[in-house]
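Dear colleague,

Please find the structure below.

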Amino acid sequence: MPMASTSSTTKRSKPRAGAKTSSDASKKADAIKLLKEDHREVKTWFKQYEKLEDETEKQALAQKICVALTVHAKIEEEIFYPALRKNIDDEELLDEAEVEHASAKQLIAEILSMSPQDQLFDAKVKVLGEYVMHHVQEEEQEMFPEARESEVDLEALGEKLSKRKAELMKKAA
């Protein structure tokens, strides 16, 4: 999911060495902020999908959703979840998240192999949205608070997630 940048860069006098400017702070999202931005974006897309009638638009948005979710799951599985496994004592929560990812990936594969003319296309997109919203709720209400309380360096993790996400999105384009 490409992240939209909302900050504008303006010329300012140089800060003293080692000082962080507000524009520096806006560029660096911690891991949880980055993942929540992804969650909000895809939630918006699922709502947009429900309103669509044109099959070409449905196909394009469903593909966009599937690519974004695939990239999001990959960065969580490669970077975020392993960091949490080392720093929080909730293996069950992380195991459930990985199983939820597997279910979502199965639906994503089915959706990508179909077209909006297929009988179950809309139903599969809807169920994927329901799976994702359930998963998001668990992450945001249970996993993210545990991550915030842990020893995980969320800013450094956010930089890793952002870099990997950019790589994967570039490959998907």
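Helix H6 (residues 154–172) has 19 residues and reaches 26 Å from its first C-alpha to its last, close to the 27 Å expected at 1.5 Å a residue; the expected span is 1.5 Å times one less than the number of residues. Helices are DSSP runs (H or I, at least four residues), numbered from the N terminus.

This is a predicted model, in which local features need pLDDT of at least 70 and side-chain atom pairs count only at pLDDT 80 or more, while totals for chains, interfaces and linings use all residues. Residues are numbered from 1 along each chain as its sequence is written, and side-chain values use heavy atoms, leaving out hydrogens and water.

Among the buried residues of H6 are Leu-154, Leu-157, Leu-161 and Leu-168 (buried: under 20% relative accessible area, with a 1.4 Å probe and protein chains only; exposed: over 50%). The buried residues of H6 fall within an arc of 140° seen down its axis, so they line one face of the helix; the arc is that of the directions from the helix axis to the C-beta atoms. On the other side of H6, Lys-160, Lys-163, Lys-170 and Lys-171 are exposed.

The lining of the second largest pocket (lining residues have an atom within 4 Å of a pocket grid point) has 13 residues, with Phe-46, Glu-50, Val-125, Lys-126 and Gly-129 nearest its centre. H5 gives the largest share of this lining, 6 residues.

Yours sincerely

Methods: On a 1 Å grid over the protein atoms alone, a cavity is a set of points where a 1.4 Å probe fits but cannot get out, and a pocket is an open set with protein on both sides within 12 Å along at least five of seven lines; lining residues have an atom within 4 Å of a point. Helices (H or I, at least four residues) and strands (E, at least two) are DSSP runs, numbered from the N terminus.
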